[in-house]
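Subject: Structure handover

Hello,

Here is the structure I promised to pass on. Please open it first, then read my notes below.

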Amino acid sequence: DTMRRVVRQSKFRHVFGQAVKNDQCYDDIRVSRVTWDSSFCAVNPRFVAIIVDASGGGAFLVLPLHKTGRIDKSYPTVCGHTGPVLDIDWCPHNDQVIASGSEDCTVMVWQIPENGLTLSLTEPVVVLEGHSKRVGIVAWHPTARNVLLSAGCDNAIIIWNVGTGEALINLDDMHVDMIYNVSWNRNGSLICTASKDKKVRVIDPRKQEIVAEKEKTHEGARPMRAIFLADGNIFTTGFSRMSERQLALWNPKNMEEPIALHEMDTSNGVLLPFYDPDTNIIYLCGKGDSSIRYFEITDESPYVHYLNTFSSKEPQRGMGFMPKRGLDVNKCEIARFFKLHERKCEPIIMTVPRKSDLFQDDLYPDTAGPEAALEAEEWFEGKNADPLLISLKHGYIPGKNRDLKVVKKNILDNKPSGNKKSDLISAPKKAVDASNPQNDAKLDEILKELKSIKDTISNQDERISKLEQQMAKIAD
């Protein structure tokens with residue numbers, strides 16, 4: 001009876017999901033077929049990024065949000081990795097910076113031009129090398145500028161200062177088995193991880209110690225997920241011994257018993273949790289499911305309240321989740337998902353039905369803005385800070401992003417820094433003898449060829465846009 005009463009009073013009781021019309025989808029995209037349980041999609045108020053199939057290497061598309069409709073096969077991609085891309089994450093403090101982790105054991109950080117790509121991007125701002133096996137997880141620090149976490153199949157977690165290209169923390173002895181996911185807490189002072197050994201660990205990365213851990217968080221052998229909530233509790237999804245999907249809520253100060261544990265169904269897709277700290281709603285998207293279930297977390301029993309399910313016909317290959325500042329507050333939109341099908345990406349909008357056209361401040365408390373609360377150095381020295389909040393009352397207007405500058409500290413280290421043009425043509429191990437005239441000639445030749453290829457591409461681009469204009473005229 002208490003459950004009924006509590007849930008019925010929630011303002012999110014009638015949240016409903018709606019897929020956008022066909023012409024507002026992104027069509028003809030070859031979504032990656034890699035068997036990896038990441039979400040394959042990352043969005044922010046400017047761009048949607050999608051990991052795609054790429055022959056011979058790894059690539060992802062970056063589309064301005066308004067570029068809906070059919071995406072041309074020759075649309076430029078971000079394609080500097082030599083192996084498939086496994087995870088991507090937009091920087092929360094700069095809407096033009098995105099990080100990618102790949103099977104080629106590297107993490108790359110990219111600066112996307114303000115209006116999107118016109119040519120394929122092969123030059124990252126910085127290459128972060130330190131993992132010995134493929135990198136399946138990348139996650140930016142929520143409040144400190146230029147701090148990036150990566151986790152690889154070498155069971156190591158590395159925390160980088162992207163501004164200097166250095167690995168500053170390497171947690172390589174805490175996990176004995178594959179890491180399924182890593183989540184920062186609200187102010188970025190702790191991380192929690194879910195791992196194949198069925199443990200959830202809470203780690204203080206700067207002290208490099210495990211603060212709390214729980215064995216057999218979920219008894220089943222299939223992958224788990226663990227994320228921090230705004231109040232410091234941990235929400236997990238996993239499988240029971242009988243392979244039923246479960247969700248649970250934990251207090252890291254006492255991990256003996258869960259605060260709540262619910263069995264869901266017997267489907268076998270991993271449940272990816274997406275959390276909105278402003279409304280305390282968790283959306284669960286199962287890989288291969290065709291539904292999104294959502295729950296409200298409160299501090300009254302039963303703590304995790306089922307709200308509703310958005311169902312569609314097609315199964316989802318992956319899912320992107322828009323940050324709050326990218327939503328339309330005039331339409332009472334409280335969440336927007338970007339659902340990946342095999343060949344397209346379809347936005348799904350979650351709305352609270354309200355009659356009034358006025359700004360609904362109970363639905364939109366101040367939310368995390370794009371300004372970093374700390375610099376990387378301050379965080380590494382031990383400072384903490386909560387996210388800097390902004391009001392959405394008049395909608396969010398994206399400001400100008402400053403370019404990501406990387407200042408390498410170790411100038412004398414002869415490892416290629418990965419962000420200079422010349423690295424591509426310098427010999428891999430020994431420095432090129434610059435006085436060798438043969439090399440000079442070769443260099444000139446390569447540069448000429450590069451220039452002519454670039455010219456050809458830009459000519460073709462012009463031609464394509466002319467033809468498109470003619471097509472449009474004929475169509476009209």
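His 218 sits in the loop between β19 (209-214) and β20 (225-228). Strands here are DSSP runs of E with at least two residues, helices are runs of H or I with at least four, and both are numbered from the N terminus. His 218 counts as buried because its relative accessibility is 1%. Buried means under 20% relative accessible area, exposed means over 50%, and partly exposed lies in between (1.4 Å probe, protein chains only). The side chain of His 218 makes a polar contact with the side chain of Thr 236, at 2.8 Å. A polar contact is a pair of N or O atoms within 3.5 Å; within protein, one must be able to donate a hydrogen and the other to accept it, and residues adjacent in sequence count only if both atoms are side-chain atoms. Leaving aside neighbours within four places in sequence, His 218 is in contact with several residues, among them Lys 198, Met 224, Phe 239 and Leu 261. Contact means heavy atoms within 4.5 Å.

A word on the source. This is a predicted model, in which local features need pLDDT of at least 70 and side-chain atom pairs count only at pLDDT 80 or more, while totals for chains, interfaces and linings use all residues. Residues are numbered from 1 along each chain as its sequence is written, and side-chain values use heavy atoms, with hydrogens and water left out.

Now the whole chain. The secondary structure comes to three helices and 32 strands. The radius of gyration is 23 Å, which agrees with the value near 23 Å for a compact globule of 476 residues. That radius is taken over C-alpha atoms, and the globule rule is 2.2 Å times the number of residues to the power 0.38. Along the principal axes, the C-alpha atoms fill a box of roughly 85 × 60 × 40 Å. Of the 476 residues, 50% count as buried. Among contacts between residues at least 6 apart in sequence, 53% join residues at least 24 apart.

Next, a lysine. Lys 287 lies in the loop between β25 (281-286) and β26 (291-297). A salt bridge is a side-chain nitrogen of Lys or Arg within 4 Å of a carboxyl oxygen of Asp or Glu. The side chain of Lys 287 does reach the backbone oxygen of Ser 38, at 2.8 Å. A polar atom of that side chain also lies 3.0 Å from the backbone oxygen of Trp 36.

On to the salt bridges. The structure holds 22 of them. One joins the side chains of Asp 265 and Arg 245 (2.9 Å, N to O). This pair links distant parts of the chain, 20 residues apart: Asp 265 is in the loop between β23 (260-263) and β24 (271-276), and Arg 245 is in strand β22 (residues 245-250). Arg 245 is buried, with a relative accessible area of 1%.

Asp 278 forms a salt bridge with Lys 324, and their closest N and O atoms are 3.6 Å apart. Here the partners are 46 residues apart, with Asp 278 in the loop between β24 and β25 and Lys 324 in the loop between β28 and β29. Asp 278 is buried at 17% relative accessible area. Lys 324 is buried at 9%.

Lys 383 and Glu 378 also meet in a salt bridge (3.2 Å, N to O). Lys 383 is partly exposed, at 45%. Glu 378 is partly exposed, at 24%. Salt bridges that share partners join Asp 28, Arg 70, Lys 73 and Arg 343 into one network.

Last, some backbone details. The peptide bond from Ser 301 to Pro 302 is cis, with omega near 0°. Pro 302 lies in the loop between β26 and β27 (304-311). Cys 105 is a residue other than glycine with a positive phi, near 75°. Cys 105 is partly exposed, with a relative accessible area of 22%. Phi of Cys 332 is positive too, near 55°. Cys 332 counts as buried, at 4% relative accessibility.

Best wishes
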